Amino acid sequence: MRSSVIRSFDPEMTVNSGQAFLWHQVNKNWYGVHGDCIVKFSKSADGFEFSSFPERKGVERDLFRLDDDIDSISAEMSLDPLIAGLLNTYGGLRLMRQDPAQCLFSFVCASNINIPMIRKMLYTLAKRYGQKVFVDGMEFHTFPSPEAMSGVSESDLRACGLGYRAKAVKAVAQGIESGTLDLALLKKAGYADAKQELLKIYGVGPKIADCVLLFSLDKLEAFPIDVWIARALAAHYDWLGKFGEKLTARQYEALSESARKHFGCHAGYAQQYLYYHMRQGKKW
DNA sequence: ATGCAGGGACGAT
DNA sequence: ATCGTCCCTGCA
């Protein structure tokens, strides 16, 4: 018997779930950097109100994947009792459909680092190489275009606090600029093909590739496994194998393939609920 | 103070 | 297939 859970969409929970980084709150209003525009939402009497600068009608539908059949997806995920419980608790959590280039740059910066540091790096990049815009009288910066990024030297990237990640950011920028990496094409490609292409880029391993595939390239079967997900799987799914928190490339692929089989073609949703749950109580 | 962890990936054994 | 290293910051 399927419980009639009310899964009202909660954008606040969603932008705070670690899948996007450049969101912050100002007086009950939330502002986020979404590629070349700034998205805003605020709670109103009946739900949330969205807007974007420059104006894009219905930006929330695309950005928060409101076009997904969440009831159908939830029903599929509820076959797993643990996920069913998490859906009950965190029903407002959704996946986002981020700007692909921003998403790729973001997660290339995310290796071996914590969320506050990621935010710091990305805001610095935006401030130095994005475009300054004013929203509600406040200064914001769009995310730098790939063209803008490819014009920045590795040492200047390091000066943004990127550390050794500067080399990878440079590689991504050059890949996009040269046409070697065509993100729009990868959006239309299948999961395996798109992942294979992403892995060719220096600094992009299986975990980061899966994040980009899931959060920006519409590959809902992608199942990124970071240390937290690895812990969750080890704690709740013995049958998925007894690997440690650190996974080798082969272990990663075996584990994420098993997860895809278990959670289904929308495994990425399950991953996000698991991640959010594991991060409860942690602060960033 | 010194060590360690924080949404990993790469290069050398 | 394992293991050290990469840059940097906050915290115990």
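**Notebook: aromatic contacts in a predicted model**

Rings of Phe, Tyr and Trp (its six-membered ring) pair if their centres lie within 6.5 Å; planes under 30 degrees apart count as stacked, over 60 as edge-to-face and the rest as tilted. The model is predicted: local features need pLDDT of at least 70, side-chain atom pairs count only at pLDDT 80 or more, and totals for chains, interfaces and linings use all residues. Side-chain values use heavy atoms, without hydrogens and water, and residues are numbered from 1 along each chain as its sequence is written.

I noted 16 aromatic pairs in the structure. Trp23 and Phe64 make a tilted pair, with 6.3 Å between centres and 50° between planes. Trp23 belongs to strand E1 (residues 23–26) and Phe64 to the loop between helix H2 (59–63) and helix H3 (70–77), so this pair ties together parts 41 residues apart in sequence. Helices (H or I, at least four residues) and strands (E, at least two) are DSSP runs, numbered from the N terminus.

I then checked burial (buried means under 20% relative accessible area, exposed over 50%, partly exposed in between; 1.4 Å probe, protein chains only). Trp23 is buried at 4%, and Phe64 is buried at 0%.

I next examined Phe223 and Phe263: their ring centres are 5.6 Å apart and their planes at 10°, so the pair is stacked. Phe223 lies in the loop between helix H12 (206–216) and helix H13 (227–236), and Phe263 in helix H14 (residues 249–263), 40 residues apart. Phe223 is buried at 0% relative accessibility, as is Phe263 at 3%.

Terms used: Chains are lettered from A and ligands numbered from 1 in the order in which they are written.
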